[in-house]
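This report describes the ligand and the pocket around it. Please view the sequence and the structure together.

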Amino acid sequence: MSALTDIYVAVERCQDCELAKRRTRAVPGEGPENAALLFIGEAPGWHEDQQGRPFVGPAGQFLEQLLASIGLKREQVYIANVIKCRPPGNRDPLPGEVQACSKWLDKQIELLKPKMIVTLGRYSMARYFPNESISKVHGKARKHGDIIYYAMYHPAAALHQGSLRKTIEADMLKIPELLKETEQITSKEAEPQQLNLFQV
Ligand code: URA
């Protein structure tokens, strides 16, 4: 058992918010322990709740297509969510649920030490780009410490909306270059919200 799999066990037992009572399966996240790229979505939907795996429904299929556009398979990246259990009826997560669950993602990030964190949608964006709007920050990278943070629209939102779909596809295509340039973007000892945005 690795420290990461210990987290999976703990998440599956977690009773720290009301969502635990209604879940079929908790969805801790999955991917290689040495993944350079971490994608963070919002919360499990129906398919994820059934299978205990992130992004396995229609949004997941689209995410896989987006990954393929940069030559990656989902098995090569780490995929997780802000919330580990499905909110009833796929409603938005409540602030208390986000707060109760954030420790799990914090621990995963501490262990994974990814080079780049890609936020998918508003809820994961809010962790790193607080009080900012996704229409302004998507497709821009920001480095804090050793990690590049990069915001994208949520694949479920972009799937059926022509213009957003083009945007998310274009934003995904910037990731390989950003990863390559990771050493060239200046690291600053400041809080993420004080850093400049770097458009590549
Ligand atoms: N949407 C998410 O945000 N996460 C999933 O795992 C599936 C759909």
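How much space lies in the largest pocket? The model is predicted, with local features requiring pLDDT of at least 70 and side-chain atom pairs pLDDT 80 or more, while totals for chains, interfaces and linings use all residues. Residues are numbered from 1 along each chain as its sequence is written, and side-chain values use heavy atoms, without hydrogens and water.

The space in the largest pocket is about 330 Å³ (a pocket is an open set of points on a 1 Å grid over the protein atoms alone, where a 1.4 Å probe fits, with protein on both sides within 12 Å along at least five of seven lines; lining residues have an atom within 4 Å of a point). Its lining comprises 18 residues, and Ala43, Gly45, Asn90, His154 and Ala156 lie nearest the centre. Helix H3 (46–51), helix H4 (58–69) and helix H8 (155–159) each give two or more residues to this lining.

The ligand sits in the largest pocket (more than half of its atoms lie within 2 Å of the grid points). Around the ligand are Gly41, Glu42, Ala43, Glu48, Pro54, Phe55, Asn81 and His154 (a heavy atom within 4 Å).

| Ligand atom | Protein atom | Distance |
|---|---|---|
| Nitrogen | Alanine 43, polar backbone atom | 3.1 Å |
| Oxygen | Phenylalanine 55, polar backbone atom | 2.9 Å |
| Oxygen | Histidine 154, polar side-chain atom | 2.8 Å |

Taken alone, the ligand exposes 240 Å², of which the protein buries 91% (Shrake-Rupley method, 1.4 Å probe).

Methods:
Polar contact = N/O pair within 3.5 Å; in protein donor to acceptor, adjacent residues only side chain to side chain. Points joined across faces, edges and corners; volume = space filled by probe spheres on them. Helix = DSSP H or I, 4+ residues; strand = E, 2+ residues; numbered from the N terminus.
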